Amino acid sequence: MIKIGLYIVVLMMFLSGCAVMNTSMMETAETVEPGHPKFGVEYGYGLDLTSTMIITSIEPNEETAFDAAGLLSLPVYGMKAGIGLADNIDINGKVWVSLGGVGSKVYLKYRLPYESEKAAIAIMPGMTFVTTESDDEEDENTIELAEINSYGFELPFLATYRVGSALAVTGMARYSADFISIVEADIDEAFMLNRFGFVGGLSLELGPLYFRPEVGVEMASQQYGSFGMAPIFAIGAGFDF
């Protein structure tokens, strides 16, 4: 009964509030100069963490487009800011919203020593947090609340090749781990999710202004042993001063 109840909770949260992880890159391997700021906004599709549970008792339908056997991507609206700390180090923060949920990320970007005029490589470790709360009115006097929280870390590796002053191409490989909890009434479940992401993108630039489209794939090992994939797509614009 507890397991069936958990399935219902996760579907309820999908319908009225989702915990969506922002899986975009929106960076190059290059860093800004110390003391110089950076700002950006973005729109894309991120991984719905509620879909990392396998909902075996519920059939997907056209109305919800819910795939009980795989992973789901949902829209994300985000913004970020950062500043150069040293010649090869940026510190950055990002916040986002998606279908009733909110998320945040704090990360450092360290450009590795590499002697090349056109290429750069970097690592970008960070910490993530996602939360959402969903309510379901059982009757006129009773409202059940369900909450999902995710605390995680990630370690991306980035490589950038600069084609010219106005164009750079970047690829990223990322490992992430999320510690996810779901709480509703008498149900208190937690599990760890392992994710691997691969993203490629362009940085079209005019002075400090940039426009960045990117695509990729996010792969995750789900709680009950399945392995799934979800597409990554994002576009963003901003300033790296």
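**Labels and their cut-offs**

Me: What makes the largest cavity, and the others, count as cavities?

Reply: This is a predicted model: local features need pLDDT of at least 70, side-chain atom pairs count only at pLDDT 80 or more, and totals for chains, interfaces and linings use all residues. Residues are numbered from 1 along each chain as its sequence is written, and side-chain values use heavy atoms, with hydrogens and water left out. Three cavities reach 30 Å³ or more. A cavity is a set of points, on a 1 Å grid over the protein atoms alone, where a 1.4 Å probe fits but cannot get out. The largest one has a volume of about 40 Å³, volume being the space filled by probe spheres set on grid points joined across faces, edges and corners.

Me: How do you know which residues line the largest cavity?

Reply: A lining residue has an atom within 4 Å of a point. Met-25, Thr-170, Leu-202 and Arg-212 are among them. β10 (187-206) and β11 (209-221) each supply at least two residues of this lining. Strands are DSSP runs of E, at least two residues long, numbered from the N terminus.

Me: Why are strands β2 and β3 said to pair?

Reply: Two strands pair if DSSP finds at least two bridges between them. Strand β2 (residues 37-48) and strand β3 (residues 73-86) have eleven, in the antiparallel sense. They therefore meet the criterion.

Me: What about β3 and β4?

Reply: β3 and strand β4 (residues 89-98) pair over nine bridges, again antiparallel. Ala-81 has Gly-93 of β4 as its bridge partner. Two residues lie between β3 and β4 in this hairpin.

Me: What does "buried" mean for the 47% of the chain?

Reply: Buried means under 20% relative accessible area, with a 1.4 Å probe and protein chains only. Of the 241 residues, 47% count as buried.

How values were computed:
Buried < 20%, exposed > 50% of the residue type's maximum accessible area, 1.4 Å probe, protein only. 1 Å grid on protein atoms, 1.4 Å probe; cavity = no way out; pocket = protein on both sides within 12 Å on 5 of 7 lines; lining within 4 Å. Helix = DSSP H or I, 4+ residues; strand = E, 2+ residues; numbered from the N terminus.
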